[in-house]
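Here is a short briefing on one protein model. It is arranged by topic for quick reading.

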Amino acid sequence: MKSILTAAGAALAFALFPQSALAAGDIGGATMGVAWALPFAGMLLSIALGPILFPHFWEHNYGKFAAFWAVLVLVPLMLLRGFEPALGALLHTALLEYLPFIILLFALFTIAGGILVMGNLHGTPATNTTLLAIGTVMASFVGTTGASIIMIRPLLRANDNRRHNVHVVVFFIFLVSNIGGSLTPLGDPPLFLGFLRGVSFFWTTTHLLPETSFAVAILLVLFFALDSYLFRKEEGLPVLKDPTPDRAIKLYGKVNILLLGGVILAILMSANWKPDVTFTIQGVHLELQNLVRDAILLGLALLSLKLTPKPVRAGNEFSWGPILEVAKLFAGIFTCIIPVLAMLQAGKDGAFSSLVAMVTNADGSANNVAYFWLTGILSSFLDNAPTYLVFFELAGGDAKALMATGALTLTAISAGAVFMGANTYIGNAPNFMVYAIAKDRKVAMPSFFGYMAWSGGILIPIFLLQTLIFFR
């Protein structure tokens, strides 16, 4: 028995420490083995498969899953790497990345949830295309989640008397819940993580505009052609009863539009105001401008709660469930990713040297096609925010260098994470929310693999064209 335990201990030690002894003062990413990445993989697979395989159990226990995988990282870190290095790594992640990330999502979720569009339009191809275009533009300013909350119900009401309306929701997920959020850090969580890492606010606006415009233009033209065909197909058939007759559009909760402007100003303030004042907690340096930004965002969210009439939020079927789920799951993700990022920082000397080789050309330059597709494929099935972080770190993790000499690489990573989150229901948080709302409104939504048939037939050819045009 003793020999078995000794052998097991030796195997564990080899998996955790494949190289030399741990250097003091950090968690030693270069000396970590792939076993340290298993909790991160388990966390992401739980998020991907839990809602599909055991939805009811997942709904009531997702926080326990997140806690379980986080503990599997924190306990070994403290026991094998030391309490202070582990605490320092955890505080660095929590204070500089997780809390600002969740505060922004909370503010956008709260404020966008207070904007209600009532009334009903007739779902003609022109009207539907216009609504999709508006939602696509909106996504970069209120986030893909916010734009989805605001726009999905008006679009469903406009088409609830049509026999063919599944394609409307599918294209909505493509455009509003994903690709439309690519032009600012407010649009999609991966881009805000890049902003927190030092990417300039308007960098994504200028560098992703060609790729985004290309994809959006093709998708809107395709949608209009398909919707026109299906609209004409219904001509001559008995008219279905419209459960929501056409009436004038009215906008409620207008004060929240001003509050959204405040969110944008707060983010811009933190990017441009540099008072050179920092506060240090356990070796983690907190800059004054970022603390002020987060305080303003929380204040704007509280103002939205106070100033928005309750019937307006009720009209949006607003609840805290989605943001609570995001907060719990991302607490687990950000904890589990700590050793993964440390190993990626080690580059060719770390456990992920083979992954480094996959995204590196023979001459040592970045393989931007690989960055685009690897980031995209993983973002299709796992959450796109941590996937972005993994490849951001793999590309060097230096925002200044990536925005300059590595601009095409950072563009490929950003586009892959944001665009290809549309490939499945689970690639981006708003996807499944829109899917659930549409099903609740009696839209005959396709299955998980049925949706992938749509995305594979429409999006993948677009991404291949983007590869040839932008990333070669």
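The points below cover helices, a hairpin, backbone angles and aromatic contacts.

This is a predicted model. Helix α4 carries a kink centred on Ala94, and helix α20 bends at Gly456. Strands β3 and β4 form a hairpin. Across the whole structure, a search finds 27 aromatic pairs.

**Helix α4**
- Helix α4 covers residues 83-112, which is 30 residues.
- From first C-alpha to last, α4 reaches 41 Å, close to the 44 Å expected at 1.5 Å a residue.
- The kink in α4 is about 40° and is centred on Ala94.

**Helix α20**
- Helix α20 runs over residues 448-471 and has 24 residues.
- Its end C-alpha atoms are only 29 Å apart, whereas a straight helix would reach 34 Å at 1.5 Å a residue.
- The bend in α20 is about 35°, at Gly456.
- The buried residues of α20 include Phe448, Tyr451, Ser455, Ile458, Leu459 and Ile462.
- Also among them are Phe463, Gln466, Thr467, Phe470 and Phe471.
- An α-helix has 3.6 residues a turn, so residues three or four places apart point the same way.
- The buried residues of α20 pack against α2, α6 (166-175), α9 (209-233), α15 (368-381) and α18 (407-419).

- Strand β3 (residues 278-281) and β4 run antiparallel and are joined by four bridges.
- Thr280 stands opposite His285 in β4.
- Ile281 has Val284 in β4 as its bridge partner.
- Two residues lie between the strands of the hairpin.
- In a regular strand the side chains alternate between the two faces of the sheet.
- Strand β4 (residues 284-287) has Val284 and Leu286 on its covered face.
- His285 and Glu287 make up the uncovered face of β4.

- Gln282 lies in the loop between β3 and β4.
- Gln282 is not a glycine, yet its phi is positive, at about 50°.
- Gln282 counts as partly exposed, at 44% relative accessibility.
- Asp276 is found in the loop between α10 (255-272) and β3.
- Phi of Asp276 is near 60°, again a positive value in a residue other than glycine.
- Asp276 is exposed, with a relative accessible area of 74%.

**Aromatic contacts**
- The search of the whole structure gives 27 aromatic pairs.
- In the pair Phe54 and Phe65, the ring centres are 6.0 Å apart and the planes are at 15°, so the pair is stacked.
- This pair links distant parts of the chain: Phe54 is in the loop between α2 (38-53) and α3 (55-81), while Phe65 is in helix α3, 11 residues apart.
- Phe54 is partly exposed, with a relative accessible area of 33%.
- One aromatic cluster is formed by Phe214, Phe372, Trp373, Phe463, Phe470 and Phe471.
- Phe463, Phe470 and Phe471 of this cluster are among the buried residues of α20.

**Charge over a ring**
- The charged end of Arg313 sits over the ring of Phe318.
- That charged end is 4.8 Å from the centre of the Phe318 ring.

Notes:
Residues are numbered from 1 along each chain as its sequence is written. This is a predicted model: local features need pLDDT of at least 70, side-chain atom pairs count only at pLDDT 80 or more; totals for chains, interfaces and linings use all residues. Side-chain values use heavy atoms; hydrogens and water are left out. The expected span of a helix is 1.5 Å times one less than its number of residues. The bend at a residue is the angle between axes fitted to the seven residues ending there and the seven starting there. Buried means under 20% relative accessible area, exposed over 50%, partly exposed in between (1.4 Å probe, protein chains only). Two strands pair if DSSP finds at least two bridges between them. Rings of Phe, Tyr and Trp (its six-membered ring) pair if their centres lie within 6.5 Å; planes under 30 degrees apart count as stacked, over 60 as edge-to-face and the rest as tilted. A charge sits over a ring if NZ of Lys or CZ of Arg is within 6 Å of the ring centre and within 35 degrees of the ring normal. Contact means heavy atoms within 4.5 Å.
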